[in-house]
Amino acid sequence: MRVNEKYSTLPAEDRSVHIINICAIEDIGYLPSEGTLLNSLSVDPDAECKYGLYFRDGKRKVDYILVYHHKRPSGSRPLARRLQHADAALAARPGRQDQPLPGKGGPVGAGEPEPPMDYHEDDKRFRREEYEGNLLEAGLELERDEDTKIHGVGFVKIHAPWNVLCREAEFLKLKMPTKKVYHINETRGLLKKISSVLQKITAPIQPKVAEHRPQTTKRLSYPFSREKQHLFDLSDKDSFFDSKTRSTIVYEILKRTTCTKAKYSMGQGEGRKKDPALLSKRRKCDEYGITSLLANGVYSAAYPLHDGDYEGENVEFNDRKLLYEEWASYGVFYKYQPIDLVRKYFGEKIGLYFAWLGVYTQMLIPASVVGIIVFLYGCATVDENIPSMEMCDQRHNITMCPLCDKTCSYWKMSSACATARASHLFDNPATVFFSVFMALWAATFMEHWKRKQMRLNYRWDLTGFEEEEEAVKDHPRAEYEARVLEKSLRKESKSKEKRRHIPEESTNKWKQRVKTAMAGVKLTDKVKLTWRDRFPAYFTNLVSIVFMIAVTFAIVLGVIIYRISTAAALAMNSSPSVRSNIRVTVTATAVIINLVVIILLDEVYGCIARWLTKIEVPKTEKSFEERLIFKAFLLKFVNSYTPIFYVAFFKGRFVGRPGDYVYIFRSFRMEECAPGGCLMELCIQLSIIMLGKQLIQNNLFEIGIPKMKKLIRSLRLRHRSPPDHDEYVKRKQRYEVDYTLEPFAGLTPEYMEMIIQFGFVTLFVASFPLAPLFALLNNIIEIRLDAKKFVTELRRPVAVRAKDIGIWYNILRGVGKLAVIINAFVISFTSDFIPRLVYLYMYSENGTMHGFVNHTLSSFNVSDFQNGTAPNDPLDLGYEVQICRYKDYREPPWSEHKYDISKDFWAVLAARLAFVIVFQNLVMFMSDFVDWVIPDIPKDISQQIHKEKVLMVELFMREEQGKQQLLDTWMEKDRKKDEPCNNHNPKACPDSAEYPGGAL
């Protein structure tokens, strides 16, 4: 029903439609004759509106939904009260008294007492009325539905007509395909044959969607312009702007449209009281966009609709159903992703995330293969490893010093045989090669992604898209505007107080009021938040982040104390099997504790990072997102990797020596590494934390929690009364179904999860070559899991244009550079690679590794133990021990400088530092070389972009030539008409009858 028909005398019962609060909106002055505002009282399923995808006329498509909560009135009293207020508004307006209101049949509810007014709800209702009136003025068409199956929830359906779409597309500089079609340059010769063979081989793993097929032609794109509509194919206006583009345009209007006059609604009318809290709140909010209205609870949700159902009988074919079948199903895990269809449905930003995730997963395949080869090499050479064979040989009879004071006794090195053999699986010469390979792999991956990104930019018409164009849509956040307005009001109040003490120069009060008002407006426009305004927030951020990092370190320290105390307690156990497995037990339990703490703190730190970012009050959403990402990544990076850093670089480094150990709190002796080194323990720590985070966070949080929510909803449904149950199982409208879905919370959690995994794959890969394999297996599931979540469990997000993955690319580059340094130190200081090389080339008598274990062990005379630290049972091995061994490079007890650091230590340290410098610079140089060799833009894409520019110039040149020819033709005709008149031929002059003298 059109607005100009709102005063029709047709009864509301016959039309199944009546207008609520239309006069209140009209009072504000934002009710254009073109707009439409309908309130549907009947929401019975109607095939014409496709169950909520269209307006009730079945022609206008729903582009966006606004949801609000309302208190449903009992009986007819509230409706009668609203009709009476409408009558009062009509009576106060001249020329409208003779037009009856729909549904009005007399003094309904006259004489009945009016129930008390909820001022908060009344305030929200007035804001909604004004905001929707402003949307109508902006050209949008609205239809309201309050009689829904969800009690107390109303929906406003929004449709953008063709003229609004054209206007906004031109304003947003949206590139749209033109009529001009050109052929894409194809490869020739051998490359073409190879490409055709690859297409045939990969045909079974390609998704069955039209957008994924290789294209030989492409439409020339150009920013939409209403003056150049003839360039575009407008034969089908309904499909020219797809649903993603329509919702984006509507969302931009919603953000730009403000609600400014609702603050004058309170206090009007008889019997209304002024709530001081509401008035002060209203004064602080000069403008309300959709973000502010959502934050203040005026609307509870705002979202575009999904295209339809994705499963079930008699479901119409749509993009959502196609995505579910070819992308969001675990049965198609082996197929490529239909990235173009993902972009078409969800927008460029989400499309780029899944494209990046796909490229990352593909690049993990060669890394996994090389990692498996390195692991198999370690398995194949474990029996040929001389150091581990010497440790396992009981004939050497090496007696080691106790691992703890008093309760621990002496032990045989051969008891650590299993640990030494397992260490060789990851601590062998192949791991050095694998570290170099992974550094080059990271550089290649980044370059490959940049090239893939450029291909997508070309395919998605983003080659000319710049951040400056996106800045047009970069509106200030609601919180920022509120803070700026609050600051401006404070300044304005201070200026008023100053003017009170200064006598007025002008006697014209009206002129003084105008000056005051204009000064207030200018003051508000100029006010910005400076660093002084944000200093308390910055200081809070700094203190909070330092405190959170200190908490992480404290937890790691607590786990260290747990390991030390547990090892001492297990050493007193009478069972030989328990005492023999102390290291494995302590390591496994400590890692599990670390894992649980990391998962819990990840959630806590995510909330803290968001709170810290909010109190900073960033101006734009982009700034808010970047600051949030930085804080969350910093906290989660420290949380995830601190236990691993401890094992890799600190454990066993500050132990001291027998007779002079280092103690924590004077009671807990620092723990030592195993005779085979800490690399095996680092591998266990890394593998359990990495696999545990992936399994628990992916399976429990992303799969288990949504299923649990669905189970709770189904249990609640069973406890409903039979009528309610029958009402619930009826088919809902599309916007009702989507309202029950989870809101989209952004891509930050998805990216963060993958970046942390990328760190596990690259940072400590020298200690765990199988990390890429486990990451690959996880990502194969992760892609389909995220796809299913986006298609089936989340509301459809608003499409956002983006040409890259933003700040995440810089984080990836930083992690890749850091990985080179960390792996250099892991190989040099954590593993025994460098000590073996030093022994082999400096100390070995026969050029082999025989005697290496004995070379790395120092001797200690048990008589030099400090009082109270010697073992309680020195005869536990069955004989008296005079000399015990410990891993370190120190002088023997019979030396002149006993227990001092030996020259061998300095030789090994020099070799380690030299290796770090050489390894780091060599790998960095190779990575930069790969970066330089591989161009960021593929050659064929560069040629196609150049070709598009040339074709665009030719198109406009032909258009200008056509205009010039047409202009020349008209001028020639005018000249021929003027020639007879100039020759004084009266018969040829058209005005000769009126002007006998010839030409005027």
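1. A quick definition before anything else: the bend at a residue is the angle between axes fitted to the seven residues ending there and the seven starting there. Keep in mind that this is a predicted model. With that in hand, look at helix H23, which bends by about 45° at Tyr641. A proline, Pro643, follows within four residues of that bend.

2. Staying with H23, how far apart are its end C-alpha atoms? They sit 41 Å apart, and at 1.5 Å a residue the 30 residues should span 44 Å, so the two values agree. H23 is also mostly covered, with 21 of its 30 residues buried. After the helix comes Gly652, and its phi is positive, near 80°.

3. Val617 lies in the loop between helix H22 (582-616) and helix H23 (621-650). Its phi is near 55°, a positive value in a residue other than glycine. For context, most residues other than glycine have a negative phi. Is Val617 buried or exposed? With a relative accessible area of 4%, under the 20% cut-off, Val617 is buried.

4. You'll find Tyr899 in the loop between strand S15 (883-887) and helix H32 (903-933). At 4% relative accessibility, Tyr899 counts as buried.

5. Now for some helix packing. The axes of H16 (residues 429-459) and H29 (residues 807-830) come within 10 Å and cross at roughly 170°. Angles over 145 degrees count as roughly antiparallel, and H16 and H29 therefore run roughly antiparallel to each other. On the H16 side, the contact is made by Val432, Ser435, Ala439, Phe445, Met446, Glu447, Trp449 and Lys450. H29 brings Tyr809, Leu812, Arg813, Val820, Asn823 and Ile827. Sorted by class, that contact has nine nonpolar, two polar and three charged residues.

6. Last one: Trp356, which is in helix H13 (residues 348-380). At 1% relative accessibility, Trp356 counts as buried. What does Trp356 touch, leaving out residues up to four places away in sequence? The partners are Phe445, Trp449, Tyr751, Met754, Ile755, Ile805 and Leu812. Among them, Phe445 and Trp449 of H16 and Leu812 of H29 also take part in the helix contact from point 5. As for Ile805, it is 449 residues from Trp356 along the chain, yet their C-alpha atoms are separated by 8.2 Å.

Methods. Residues are numbered from 1 along each chain as its sequence is written. This is a predicted model: local features need pLDDT of at least 70, side-chain atom pairs count only at pLDDT 80 or more; totals for chains, interfaces and linings use all residues. Side-chain values use heavy atoms; hydrogens and water are left out. Axes are lines fitted to C-alpha atoms, for helices over the stretch in contact, and angles run from 0 to 180 degrees between N-to-C directions. Helices (H or I, at least four residues) and strands (E, at least two) are DSSP runs, numbered from the N terminus. Angles under 35 degrees count as roughly parallel, over 145 as roughly antiparallel, 65 to 115 as roughly perpendicular and the rest as oblique. Contact means heavy atoms within 4.5 Å. Ala, Val, Leu, Ile, Met, Phe, Trp, Tyr, Cys and Pro count as nonpolar, Asp, Glu, Lys and Arg as charged, and the others, Gly among them, as polar. Buried means under 20% relative accessible area, exposed over 50%, partly exposed in between (1.4 Å probe, protein chains only). The expected span of a helix is 1.5 Å times one less than its number of residues.
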